[in-house]
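Subject: Structure for your review

Dear colleague,

I am passing on the structure below, together with notes on what was found in it. Please read the notes with the coordinates open beside them.

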Amino acid sequence: MLREVSRRRWGRVPGVIVLGVPVLGALGSACGSTVTGHPVPASSATSVQHVTGGLTALLPRPERFPPHYTIVVLPPEQARRAAGDLRGIPAGAEVEPAACAAPVPEFDAGRAAIEVGSDDEARVTVTVELVRTDEALARVRERTGRCALVRVRQGPLTTTVVSVPEPLPGVAADDAFALRRTVTGTRGGAGLTQSMHTRLAQIGDVRINVTCLTFGDELPDTGTLDQVFTAAVDGVRHG
């Protein structure tokens, strides 16, 4: 259910280490479709719909994942680390250009929730992140466009993050877009490439980020990614 308010503007799951940090959920994925997403404003430029209910309760239910997936909802500290890893920029890392350092969501007071679905045998994970925000998704799209290539330093480790747009399945949201991030460099092992396919949508003041991740030459499982993304959008829209 939505109501109007004024706008103010990853731990370990069996199996895989993500970006050099043990993460609750083997973020290794096997994860596109067609139809481009377009913004559809849900309210005026100065107001946004508030989605009622706790974000954890709005996460897709386990049955919305393939039956062989193990589903875990992350506690706040692991969720905070996971949020940075999903973007290829761990919390506290130095970013060049500096303006490309996106804000890390707050994981308290019910402002964010992360759920990880993992298939340990296939080294697949699909992660759902819900965040309350007053930042328009259009700003994220614009920042992603001008930050197509980012260099990330964390201690002695350096990586390069490249982001490119992807086609997006049709989705009933205020705004939506999709992208692929490729992380290369010393993090995660020399010469190991990490690819993240991400679907983003906005419904009222809740942003939906569903990401699936692969290592090396593994092929993405777009069917699972899109299935879970649709479930996440439906869950937020209907409450």
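Leaving aside its neighbours within four places in sequence, which residues is glutamine 202 in contact with? Taking contact as heavy atoms within 4.5 Å, the residues that glutamine 202 reaches are Thr133, Glu135, Leu137, Ala173, Asp174, Asp175 and Arg207.

Before going further, please note that this is a predicted model, in which local features need pLDDT of at least 70 and side-chain atom pairs count only at pLDDT 80 or more, while totals for chains, interfaces and linings use all residues. Residues are numbered from 1 along each chain as its sequence is written, and side-chain values use heavy atoms, with hydrogens and water left out.

Overall picture

The secondary structure comes to four helices and 13 strands, where helices (H or I, at least four residues) and strands (E, at least two) are DSSP runs numbered from the N terminus. Of the 239 residues in the protein, 49% are buried; here buried means under 20% relative accessible area, exposed means over 50%, and partly exposed lies in between (1.4 Å probe, protein chains only). The protein exposes about 10,600 Å², of which carbon and sulfur atoms supply 57%, with accessible areas taken from the Shrake-Rupley method with a 1.4 Å probe and, for residues, only the protein chains shown counting as cover.

Glutamine 202 and the cores

To return to the opening residue, glutamine 202 lies in strand 12 (residues 194-203), and it counts as buried because its relative accessibility is 6%. Its side chain makes a polar contact with the side chain of arginine 207 at 3.2 Å, a polar contact being a pair of N or O atoms within 3.5 Å, where within protein one must be able to donate a hydrogen and the other to accept it, and where residues adjacent in sequence count only if both atoms are side-chain atoms.

The largest nonpolar core has 27 residues, of which Val128, Leu130, Ile208, Val210 and Val236 touch the most other members; such a core is a set of buried Ala, Val, Leu, Ile, Met, Phe, Trp, Tyr and Cys residues joined through side-chain atoms within 4.5 Å. At least two residues of this core come from each of helix 1 (55-58), strand 8 (124-132), strand 11 (175-185), strand 12, strand 13 (206-215) and helix 4 (222-238), and helix 4 gives the largest share, six residues. Not counting residues up to four places away in sequence, valine 236 touches Val51, Leu58, Leu130, Ile203, Val206 and Ile208. A second, separate core has twelve residues, including Ile89, Val161, Val183 and Phe215.

Salt bridges

A search of the whole structure finds twelve salt bridges, each defined as a side-chain nitrogen of Lys or Arg within 4 Å of a carboxyl oxygen of Asp or Glu. One of them joins glutamate 129 and arginine 87, whose closest N and O atoms are 2.6 Å apart; this pair links distant parts of the chain, with glutamate 129 in strand 8 and arginine 87 in the loop between helix 2 and strand 6 (94-96), 42 residues apart. Both glutamate 129 and arginine 87 are buried.

Arginine 153 and glutamate 96 also meet through their side chains in a salt bridge (2.6 Å, N to O). Arginine 153 is in strand 9 (residues 149-154) and glutamate 96 in strand 6, so this pair ties together parts that are 57 residues apart in sequence. Arginine 153 counts as partly exposed at 32% relative accessibility, and glutamate 96 counts as partly exposed at 43%.

Aspartate 205 forms a salt bridge with arginine 132, with the closest N and O atoms 3.2 Å apart. Because aspartate 205 lies in the loop between strand 12 and strand 13 and arginine 132 in strand 8, the pair ties together parts that are 73 residues apart in sequence. Aspartate 205 and arginine 132 are both buried. Salt bridges that share partners also join Glu135, Arg143 and Arg207 into one network.

Around alanine 148

Alanine 148 lies in the loop between helix 3 (137-146) and strand 9, and at 31% relative accessibility it counts as partly exposed. Although alanine 148 and serine 163 are 15 residues apart in sequence, their C-alpha atoms are 4.8 Å apart in space. Leaving aside neighbours within four places in sequence, alanine 148 is in contact with Val161, Val162 and Ser163.

Best regards
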